[in-house]
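Here is a friendly walk through one chain, from its overall make-up to a few individual residues. Keep the viewer open and follow along.

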Amino acid sequence: SDLDDLMTRPNRPLAPAGAPVAAPVPRRRSTGAVGAALLAGLCATLLAGCGKAPPAAEPVRAVKLITVATSALQTTPEYVGEVRARVDSRLGFRVAGKITRRAVDVGQRVAAGQLLAQLDARDYQLAADAARAQLSAATTQRDLAAADLKRFQGLREQGFVSAAEIERRSAQLQAAQATLEQARAQLNAQGNQTGYTQLLADAPGVVTAVEAEVGQVVAAGTPVVRIAQDGARDAVFAVPEDRVAAVRVGQPVGVRAWAGGSQWPGTVREVAASADPVTRTFAVKVALAGDPPPLGATVYVAPAADERAAAGVIKLPTSALRHDGNGSAVWLYDAASGSVRLQPVQLAGPDGNEVVVASGLTPGMQVVATGVHVLTPGQKVSVYVPNVAPAGAEVGSQAMKTIANGAGGGAAASAAPAASR
C-alpha cells in the first residue's frame, strides 16, 4: 500500500511551502514476479513440445519407367588364349643317377630316338657285368647236371644204379636249367637298366623346357626335358566361374591371331572339371582345324552364342539395379495401386553398358529405371512424363531466332558506314 511504501522510504527533507509537488513515480514490479511469469511460460512451452508430432506424409515421387523386353546381345565374350601342342610330354629317366650330359636346349627341334640327356652309367654297367658272370656260372652248372644225368642213365642200363638215382639226377638238371634262365633274365634286366641311363625322345617335337642340369642327381621319374610333340594343336584359355556354364564340349568357336589377323575354326575339346586353385578359373581347350598357328602364339577365342542368346535376352541399365546383402533386385511398378515392390533378379553378366538378367523378370513388366535407392516397398509413385514443347512454341522460338539474327545483321550493316566515315 501507499502507507507501507512511505514507511519504507528513507527520510527525505520536506519540500518548502509553496514549492511545486513532483509527480508520483510509478512503482516497479518486483523481479521475483517477472521471473515467475517467465518460468511459467517456459514450462508451458516445454510441456506443449513433449507431445508426439504427427508423421509427415511420404512424398509421392515421380519415377521413370522402362518396359521389360528381349533383345539380342550386342557383345560376344572374347578370351585371350595360347596355342599349345595336343601332347606335351615331360620326359625323365627311368632310373636314378647323376646327369653327366645334356644334349638339347630350349627351342631345339628333336627327332624320335634322339639323345636328350645322359646319366653316369658305370654302376649299372658293373651290375650288368655281374649278371653276365652269373649267367656263365649257371650255364656251367646246367651243362654239368646234363652230363651227370647222361652218365647215370648209361649206368642204369647196365644195372649199376637205381631208378631213384636217375630221378635225383634229372631233378638236379631241371634246377640248373631254372637257375640258368633266372641268370639270363637278370642279365637282360641289368642291360635295360644300363640303357635307361640315356634319355631319348619318344616322338618328334620341340623342346619347351629343361628342368634339370648337368651334375644334378635325379630320382627315377623326375622330369628333365619337356617336349611339345608335333601334330595337332590346341588353343587353351581360361574362363571365369560365372561363364563356364556357357561353354560346352563340341561348341564351335572362332579363333583369330593376335598378330596378323589370321582366323581358324575350332571346336571345344575339353573343359576342366575343377577350377584352378590360384586363379579360380576353368581351363578350356579348343581343337584347331586346318593349318594351325605357330606354337606359343597368342590368339583370341570367341565362343559362338548359344541358342538362348540368339533368341534374345532381357537387358536392363545398371541404374535400374538395387544391390544389398541379399543380392540384386529391381523395383516393379504396379499400375493398379500406383506403388512399387521389390523383385529379386539373377544377373548373367554385362553386355556393353547394360546388364543381362538371367531370371526374375518377364517381358512386359515395368521397372523403375533411376532413383532406386530412395524408394521403399509399397511406396506410392507417379509416372514421370517428360515436358515436350508444343509445335507452335517451337515455330515461335525459330521466328525469334530469325528476328534476332536479322537485327544483328542490320546493326552490323549500320556500323559499317559509320566506321567508313
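## A word before we start

A polar contact here is a pair of N or O atoms within 3.5 Å; within protein, one of them must be able to donate a hydrogen and the other to accept it. Please also keep in mind that this is a predicted model.

## The chain as a whole

The chain has 421 residues, and 26% of them count as buried. Its secondary structure comprises six helices and 24 strands. The accessible surface amounts to about 26900 Å², with 57% of that belonging to carbon and sulfur atoms.

Is threonine 197 buried or exposed? Its relative accessibility is 1%, under the 20% cut-off, so threonine 197 counts as buried.

A polar atom of the threonine 197 side chain lies 2.5 Å from the backbone oxygen of threonine 194. Setting aside residues up to four places away in sequence, threonine 197 touches Phe93, Val95, Ala117, Gln118, Leu119, Asp120, Ala121 and Tyr124.

Across from isoleucine 99 stands leucine 119 of strand 8. Leucine 119 is also one of the residues that threonine 197 touches.

## The sheet 5-12-10-7

Another open sheet holds four strands in the order 5-12-10-7, and its pairing is antiparallel too. Strand 5 (88–92) and strand 7 (109–110) are the edge strands, each pairing on one side only.

Let us step through part of it. Strand 7 and strand 10 (residues 205–210) run antiparallel and are joined by two bridges, with arginine 109 having valine 206 as its bridge partner in strand 10. Strand 10 also pairs with strand 12 (residues 223–229), in the antiparallel sense, over five bridges. Here valine 206 stands opposite alanine 228.

## Nonpolar cores

The largest nonpolar core has 19 residues, and those with the most contacts inside it are Phe237, Val239, Val255, Val286 and Val301. Two or more residues each come from strand 4 (79–85), strand 13 (233–240), strand 14 (252–257), strand 15 (263–271), strand 16 and strand 17 (298–303). Strand 16 gives the largest share, four residues. Apart from this core lies another, of 18 residues, including Val104, Leu119, Tyr124 and Val207.

## One aromatic pair

How many aromatic pairs are there? The count comes to one. The pair consists of tyrosine 79 and phenylalanine 237, and it is stacked, at 5.4 Å centre to centre and with 20° between the planes. Tyrosine 79 lies in strand 4 and phenylalanine 237 in strand 13, so the pair ties together parts that are 158 residues apart in sequence.

Both partners are buried: tyrosine 79 has a relative accessible area of 9%, and phenylalanine 237 has one of 3%.

## Threonine 281 in strand 16

Finally, look at threonine 281, which is found in strand 16 (residues 281–288). Its side chain makes a polar contact with the side chain of threonine 279, at 2.8 Å.

Beyond neighbours within four places in sequence, threonine 281 is in contact with Ala238, Val239, Pro240, Ala275 and Asp276. Threonine 281 and valine 244 are 37 residues apart in sequence, and their C-alpha atoms are 8.6 Å apart in space.

Note on methods: Residues numbered from 1 in each chain as written. Predicted model: local features only at pLDDT ≥ 70, side-chain atom pairs only at ≥ 80, totals over all residues. Heavy atoms only, no water. Buried < 20%, exposed > 50% of the residue type's maximum accessible area, 1.4 Å probe, protein only. Areas by Shrake-Rupley, 256 points an atom, 1.4 Å probe, with all protein chains shown as cover. Pairing = 2+ DSSP bridges. Contact = heavy atoms within 4.5 Å. Core = buried A, V, L, I, M, F, W, Y, C linked by side-chain atoms within 4.5 Å. Phe/Tyr/Trp six-rings, centres within 6.5 Å; stacked < 30°, edge-to-face > 60°.
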